[in-house]
Amino acid sequence: MVIKVFLASSSGSTAIKKKQQDVVAFLEALKVDYTELDIACSEQNRMWMRQNVPEEKKPSNGIPLPPQIFNEESYCGDYDTFFDAKEDNTVYAFLGLPPPPGSKEALQAEKEHIMQNGTHGEENPDASVEAQEEEDEEQEEEDLHSQEEEELQQLEDQDERSSEEEEEEAELEEAEEKAE
(Lines give C-alpha, C1' and ligand atoms only; values in the text may rest on other atoms or scores of the structure.)
Protein backbone atom coordinates (compact mmCIF):
# COMPACT_ATOMS: atom_id res chain seq x y z
CA MET A 1 0.00 0.00 0.00
CA VAL A 2 1.35 3.35 -1.00
CA ILE A 3 0.31 6.54 0.71
CA LYS A 4 -0.31 9.35 -1.76
CA VAL A 5 0.16 12.93 -0.59
CA PHE A 6 -1.18 15.54 -2.97
CA LEU A 7 0.86 18.74 -2.71
CA ALA A 8 1.24 22.03 -4.53
CA SER A 9 4.93 22.72 -5.18
CA SER A 10 4.31 26.32 -6.15
CA SER A 11 1.68 27.42 -3.66
CA GLY A 12 1.56 31.11 -2.80
CA SER A 13 0.16 30.33 0.64
CA THR A 14 2.70 29.92 3.43
CA ALA A 15 0.02 28.16 5.52
CA ILE A 16 -0.40 25.49 2.83
CA LYS A 17 3.39 25.12 2.48
CA LYS A 18 3.78 24.62 6.24
CA LYS A 19 0.98 22.07 6.35
CA GLN A 20 2.51 20.14 3.44
CA GLN A 21 5.94 20.19 5.10
CA ASP A 22 4.43 19.00 8.38
CA VAL A 23 2.72 16.02 6.74
CA VAL A 24 5.79 15.01 4.71
CA ALA A 25 8.20 15.42 7.64
CA PHE A 26 6.00 13.33 9.91
CA LEU A 27 5.62 10.54 7.34
CA GLU A 28 9.39 10.52 6.86
CA ALA A 29 9.96 10.38 10.62
CA LEU A 30 7.65 7.36 10.82
CA LYS A 31 9.41 5.81 7.81
CA VAL A 32 6.10 5.44 6.00
CA ASP A 33 6.34 4.81 2.26
CA TYR A 34 4.58 7.61 0.45
CA THR A 35 4.47 9.32 -2.92
CA GLU A 36 4.23 13.05 -3.43
CA LEU A 37 1.90 14.02 -6.27
CA ASP A 38 2.16 17.64 -7.36
CA ILE A 39 -1.13 19.26 -8.34
CA ALA A 40 0.59 22.49 -9.45
CA CYS A 41 2.51 20.80 -12.27
CA SER A 42 0.06 18.09 -13.26
CA GLU A 43 -3.51 18.74 -14.32
CA GLN A 44 -4.11 14.97 -14.14
CA ASN A 45 -3.07 14.90 -10.43
CA ARG A 46 -5.20 17.97 -9.66
CA MET A 47 -8.28 16.47 -11.31
CA TRP A 48 -7.78 13.05 -9.69
CA MET A 49 -7.46 14.64 -6.23
CA ARG A 50 -10.54 16.84 -6.70
CA GLN A 51 -12.64 13.95 -7.98
CA ASN A 52 -11.62 11.53 -5.23
CA VAL A 53 -12.04 13.73 -2.16
CA PRO A 54 -15.51 12.79 -0.85
CA GLU A 55 -18.16 15.49 -1.24
CA GLU A 56 -18.74 15.73 2.52
CA LYS A 57 -15.01 16.44 3.01
CA LYS A 58 -14.79 19.23 0.44
CA PRO A 59 -14.84 22.87 1.61
CA SER A 60 -17.85 25.06 0.87
CA ASN A 61 -16.34 26.26 -2.43
CA GLY A 62 -16.02 22.60 -3.53
CA ILE A 63 -12.27 22.75 -4.23
CA PRO A 64 -10.12 20.83 -1.73
CA LEU A 65 -6.75 22.38 -0.93
CA PRO A 66 -3.52 20.46 -0.47
CA PRO A 67 -2.29 18.52 1.33
CA GLN A 68 -4.79 15.72 0.72
CA ILE A 69 -3.83 12.19 1.76
CA PHE A 70 -4.87 8.87 0.22
CA ASN A 71 -3.99 5.23 0.77
CA GLU A 72 -3.93 4.05 -2.85
CA GLU A 73 -7.47 4.98 -3.99
CA SER A 74 -8.90 5.31 -0.49
CA TYR A 75 -9.27 8.81 0.94
CA CYS A 76 -7.60 9.28 4.34
CA GLY A 77 -8.12 12.99 4.93
CA ASP A 78 -6.78 16.50 4.75
CA TYR A 79 -4.28 18.28 6.97
CA ASP A 80 -6.75 18.90 9.80
CA THR A 81 -7.74 15.25 10.11
CA PHE A 82 -4.07 14.24 9.79
CA PHE A 83 -3.17 16.65 12.59
CA ASP A 84 -5.95 15.25 14.81
CA ALA A 85 -4.70 11.71 14.17
CA LYS A 86 -1.17 12.82 14.99
CA GLU A 87 -2.31 14.36 18.26
CA ASP A 88 -4.29 11.20 19.16
CA ASN A 89 -1.44 8.82 18.25
CA THR A 90 -3.63 7.23 15.58
CA VAL A 91 -1.72 8.16 12.42
CA TYR A 92 -1.38 4.55 11.25
CA ALA A 93 -5.13 3.98 11.61
CA PHE A 94 -5.73 7.29 9.81
CA LEU A 95 -3.50 6.08 6.96
CA GLY A 96 -5.12 2.64 6.91
CA LEU A 97 -1.83 0.98 7.84
CA PRO A 98 -1.09 -1.51 10.62
CA PRO A 99 0.95 0.12 13.39
CA PRO A 100 4.44 -1.28 13.94
CA PRO A 101 4.77 -3.58 16.96
CA GLY A 102 5.70 -1.73 20.12
CA SER A 103 4.51 1.67 18.89
CA LYS A 104 2.19 3.77 21.05
CA GLU A 105 -0.56 3.21 18.52
CA ALA A 106 -0.08 -0.58 18.56
CA LEU A 107 -0.22 -0.67 22.35
CA GLN A 108 -3.28 1.57 22.37
CA ALA A 109 -5.00 -0.63 19.77
CA GLU A 110 -4.17 -3.72 21.81
CA LYS A 111 -5.71 -2.17 24.93
CA GLU A 112 -8.83 -1.22 22.99
CA HIS A 113 -9.06 -4.75 21.58
CA ILE A 114 -8.84 -6.19 25.08
CA MET A 115 -11.49 -3.78 26.35
CA GLN A 116 -13.87 -4.58 23.49
CA ASN A 117 -13.32 -8.31 23.25
CA GLY A 118 -12.32 -9.18 26.78
CA THR A 119 -9.39 -11.20 25.46
CA HIS A 120 -7.81 -11.33 28.88
CA GLY A 121 -11.14 -11.48 30.68
CA GLU A 122 -10.46 -8.20 32.41
CA GLU A 123 -12.06 -4.82 32.14
CA ASN A 124 -8.84 -3.02 32.97
CA PRO A 125 -6.02 -3.75 30.52
CA ASP A 126 -3.57 -2.03 32.86
CA ALA A 127 -4.32 -4.72 35.44
CA SER A 128 -3.11 -7.43 33.06
CA VAL A 129 0.05 -5.44 32.42
CA GLU A 130 0.60 -5.09 36.17
CA ALA A 131 -0.06 -8.79 36.70
CA GLN A 132 2.43 -9.65 33.95
CA GLU A 133 5.01 -7.35 35.53
CA GLU A 134 4.48 -9.01 38.93
CA GLU A 135 4.79 -12.44 37.33
CA ASP A 136 8.00 -11.37 35.61
CA GLU A 137 9.42 -10.05 38.88
CA GLU A 138 8.54 -13.29 40.66
CA GLN A 139 10.23 -15.28 37.88
CA GLU A 140 13.33 -13.09 38.16
CA GLU A 141 13.42 -13.65 41.93
CA GLU A 142 13.06 -17.42 41.43
CA ASP A 143 15.83 -17.40 38.83
CA LEU A 144 18.07 -15.35 41.12
CA HIS A 145 17.31 -17.66 44.05
CA SER A 146 18.11 -20.73 41.91
CA GLN A 147 21.33 -19.13 40.75
CA GLU A 148 22.33 -18.31 44.34
CA GLU A 149 21.57 -21.89 45.44
CA GLU A 150 23.64 -23.23 42.56
CA GLU A 151 26.57 -20.97 43.46
CA LEU A 152 26.29 -21.97 47.12
CA GLN A 153 26.29 -25.66 46.14
CA GLN A 154 29.38 -25.10 43.99
CA LEU A 155 31.16 -23.42 46.92
CA GLU A 156 30.18 -26.25 49.25
CA ASP A 157 31.43 -28.81 46.72
CA GLN A 158 34.67 -26.88 46.35
CA ASP A 159 35.12 -26.72 50.15
CA GLU A 160 34.42 -30.44 50.41
CA ARG A 161 37.00 -31.17 47.69
CA SER A 162 39.52 -28.95 49.42
CA SER A 163 38.94 -30.74 52.73
CA GLU A 164 39.35 -34.13 51.06
CA GLU A 165 42.55 -32.98 49.35
CA GLU A 166 43.92 -31.71 52.66
CA GLU A 167 43.11 -35.04 54.33
CA GLU A 168 44.81 -36.95 51.50
CA GLU A 169 47.89 -34.70 51.77
CA ALA A 170 48.00 -35.21 55.53
CA GLU A 171 47.72 -38.99 55.09
CA LEU A 172 50.50 -38.94 52.48
CA GLU A 173 52.76 -36.90 54.75
CA GLU A 174 52.03 -39.24 57.64
CA ALA A 175 52.75 -42.25 55.45
CA GLU A 176 55.99 -40.67 54.24
CA GLU A 177 57.06 -39.94 57.83
CA LYS A 178 56.37 -43.54 58.82
CA ALA A 179 58.27 -44.79 55.78
CA GLU A 180 61.34 -42.80 56.77
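**Confidence and layout**

A: Confidence in the protein is lowest in helix 6 (residues 125-179), with a mean of 73, and highest in strand 3, at 98. That score is pLDDT, the predictor's confidence in each residue, from 0 to 100. Helices (H or I, at least four residues) and strands (E, at least two) are DSSP runs, numbered from the N terminus.

Q: What is the average pLDDT of the protein?
A: The average is 85, and 91% of the residues score at least 70.

Q: What ground rules apply?
A: This is a predicted model, where local features need pLDDT of at least 70 and side-chain atom pairs count only at pLDDT 80 or more, while totals for chains, interfaces and linings use all residues. Residues are numbered from 1 along each chain as its sequence is written, and side-chain values use heavy atoms, with hydrogens and water left out.

Q: OK, helix 1. How far apart are its end C-alpha atoms?
A: They are 22 Å apart, which agrees with the 22 Å that the 16 residues of helix 1 (residues 14-29) should span at 1.5 Å a residue. The expected span is 1.5 Å times one less than the number of residues.

Q: Which residues of helix 1 are buried?
A: Ile 16, Gln 20, Val 23, Val 24 and Leu 27 are buried. They cover an arc of only 90° around the axis, which puts them on the same side of helix 1. The arc is taken from the directions from the helix axis to the C-beta atoms. Buried means under 20% relative accessible area, exposed over 50%, and partly exposed in between (1.4 Å probe, protein chains only).

Q: What covers the buried residues?
A: The cover includes strand 1 (3-7), strand 2 (34-38), strand 3 (68-71), helix 3 (79-87) and helix 4 (91-95). Contact here means heavy atoms within 4.5 Å.

Q: And which exposed residues are on the face turned away?
A: Thr 14, Lys 18, Gln 21 and Ala 29.

Q: What caps the N-terminal end of helix 1?
A: Ser 13 does, with a side-chain oxygen 3.3 Å from the backbone nitrogen of Ala 15. A polar contact is a pair of N or O atoms within 3.5 Å; within protein, one must be able to donate a hydrogen and the other to accept it, and residues adjacent in sequence count only if both atoms are side-chain atoms. After helix 1 comes Lys 31, with a positive phi near 60°.

Q: Now the largest nonpolar core. Which members touch the most others?
A: Among its 18 residues, these are Ile 3, Leu 27, Ile 69 and Leu 95. Strand 1, helix 1, helix 3 and helix 4 each supply at least two residues of this core, and helix 4 gives the largest share, four residues. A nonpolar core is a set of buried Ala, Val, Leu, Ile, Met, Phe, Trp, Tyr and Cys residues joined through side-chain atoms within 4.5 Å.

Q: What does Leu 95 touch?
A: Leaving out residues up to four places away in sequence, Leu 95 touches Ile 3, Leu 27, Val 32, Ile 69, Asn 71 and Cys 76.

Q: What else is there in the way of cores?
A: There is a second, separate core of eight residues, including Met 49, Val 53, Phe 70 and Tyr 75.

Q: Switching to Gln 68: buried or exposed?
A: Gln 68 is buried, because its relative accessible area is 3%. This residue is in strand 3.

Q: What do its polar atoms meet?
A: A polar atom of the Gln 68 side chain lies 2.7 Å from the backbone oxygen of Leu 65. The side chains of Gln 68 and Tyr 75 are joined by a polar contact of 2.7 Å. Not counting residues up to four places away in sequence, what Gln 68 touches includes Met 49, Val 53 and Tyr 75.

Q: How accessible are Glu 72 and Asn 89?
A: Glu 72 counts as partly exposed at 32% relative accessibility, and Asn 89 counts as partly exposed at 33%.
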